[in-house]
Amino acid sequence: MGSLVHRPLSQAVTQSLAQTAVLVCRGASEEQTVALVARLCGRGLDVSLKKKIALLVSARRDAQLRIAAWLSGNNNNNNASSNSDAAVLRRLVRFVTAPRPAGGCGVAVGAAGDCVGELLVVGDADWPQLWLNALANKLLLDRADLSMIQRHLGDSVAFYFAFLNYFVLALVPISALGVVCHLFLPQYSSLYAFAVSLWSIVFMVSWKRQEYLLADAWSCTDASIHAKKRSEFVPDRNIRDPLTGEIRFFFSPWKRWIVHFALTFPHHFGITRLDNAEYADDHTASLTRKSFILTFLLTHLSLLLVGAVYIPLSDKILPFLSALGIPHLDLSLETQANLLSPASLQERVAYFCLTGQVVNQVVEVVIPAVTSWWSKRSIQKQITKNAAVQKSNNENSEHKNGWEKSNEDIETIEQKLQKRINHALSLPVYSLYDDFAELANQFALISMFSVSWPLAPLCFLINNFIELRTDAFKICTSVRRPIPHQASNIGPWNSIFSFLSLFGTLSTTLLTSLYQNWDTKTPASIQTIPNLSFYLLLLIASEHIHILASRAIEAGFNALFQPIQEQSEQSREKRFQEWKAREKMLKVMIEEEEGGVGMEERVEQVLEIVGRVFP
């Protein structure tokens, strides 16, 4: 059983904040708060109650949570990351928020009728500065840096920084080629078009292998089996797994995709639930894909229309718009040719690349940093005011004994803790979607439109080299610390980047064929309309070539290394065998006679044995 602490917080409690979750009970009645604390204590957690904030600390050195993880197969005691801050926090948060029938505490954060409004993880106060100092002395992150991020911030954030780091590295060769093409080759070079299409394929294939190696090093290749199930999921039928023999729920993917495209996309957010995803991660992935499609259309549709419609048909479109009464469009053919030409597309792409990055840096870093500074300033003023009042009250007292002085010191500790929690509440929640969406938009500009401005990769290389540091600064100072989340990859962003690679090949092929031999003195429609059938056949051929090239490059990687699919199947079979061994060991524990070795010592012995049996 845990314990309820009705006393000021001690130094020991404040030092353990790196593995502590904070539940904010705003507007909760005393009865609700008492019931919540009793429920948490009854589940084996230690709770320190401070006004309307409950600090949860896992009991018995996290033994209960590690046993729960071990029984579900989600523990590797031979891996240091299993006892890291992020791992302990992830187990704690999942234990607190899991429904009671699933063995959790049943705390529904933010739900109607639940007194918990928000859940925070405050974290270690010293680690952010250590991270920033280490990053200041390096060009790129190495495996040790990524593992450190994974131990402190969790798998999802670590995979983001790994992808950003890999993206920066991959931009180096295509940036160098882009500079050469911009200086020495004509616009819309076929050489650059071929190179950028091939680069996008190699980047995605090699990243997926790098991603698997990281997941294997962090012991999270099987994270998907521990995903949270949705209570709203309704299966079609049950099926038997051919590898393990387990009974699994099944819902036809064809039904999901019909709903996905025919119904959900038009309405977007409102009926995402109709996708009937079995797991919460799949539900979030579906929402991510739809959100990015809207972002993609808002960001790139104008460039696509200019490059594929307005310029090729400019001599037809402008007179038509002028006839409709739109002013300032009664232009000569020469003026039309200069206004809408391949050079104008180049200008627009350069504008998007340059100004977009500046705006993103201001929105993501400068504004949150100023907001964070103002929040700290306001909180410090309030604490200084309260301290002055407290000091005045103490000076009015004629006698102080040792106990009172010790209590005064503890109140200072409480003030520091209260300051950190209030400051965290004043910060915005960190959005991993925004950071990935920014990289996806960059990748789209490179793969789709950089053939018109080959300096785009160099622009993004410089930006992302800075972004690697500004994102770390943002997480450390300007947003709430991310709640650790277990993941084995970058989730739906793999499919998004793969789609952008294919779509980029089509766009690059079309733009190159349209404008490589463009004549500004000849009306645009005369150069394009007679060749429409050729452009269509070229797009179909480029799509097939892209798919074949992807398969060939992936086969080449598999010939050099062990195929990822084969590794995944081997890992899945090994996981099933481990689960059977755990089940057998648990039965032996239950059958043992009570007495002799205490239960807590027996638990530690079992964990030690598991660490030796399943290295």
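Which helix gives the most to the nonpolar patch? In this predicted model, the giver is helix α7 (residues 155-184), with 3 residues. Local features need pLDDT of at least 70 and side-chain atom pairs count only at pLDDT 80 or more, while totals for chains, interfaces and linings use all residues. Residues are numbered from 1 along each chain as its sequence is written, and side-chain values use heavy atoms, with hydrogens and water left out.

**The whole protein**
- The secondary structure comes to 21 helices and 7 strands, taken as DSSP runs (helices H or I, at least four residues; strands E, at least two) and numbered from the N terminus.
- Of the 615 residues, 45% count as buried (under 20% relative accessible area, with a 1.4 Å probe and protein chains only).
- The accessible surface is about 31,600 Å², and 61% of that belongs to carbon and sulfur atoms; areas come from the Shrake-Rupley method with a 1.4 Å probe.

**The nonpolar patch**
- V180, L183, F184, L185 and L191 make a nonpolar surface patch of about 510 Å² (residues with over 30% relative accessible area and no salt bridge, nonpolar side chains joined within 5 Å).
- A salt bridge here is a side-chain nitrogen of Lys or Arg within 4 Å of a carboxyl oxygen of Asp or Glu.
- L185 sits in the loop between α7 and α8 (190-217).
- L185 counts as partly exposed because its relative accessibility is 33% (the class between 20% and 50%).

**Helix α16**
- With 22 residues (456-477) at 1.5 Å a residue, α16 should span 32 Å, which agrees with the 30 Å between its end C-alpha atoms; the expected span is 1.5 Å times one less than the number of residues.
- At E467, α16 bends by about 30° (the angle between axes fitted to the seven residues ending there and the seven starting there).

Key: Patch = residues over 30% accessible without salt bridge, like charges linked within 9 Å, V, L, I, M, F, W, Y side chains within 5 Å.
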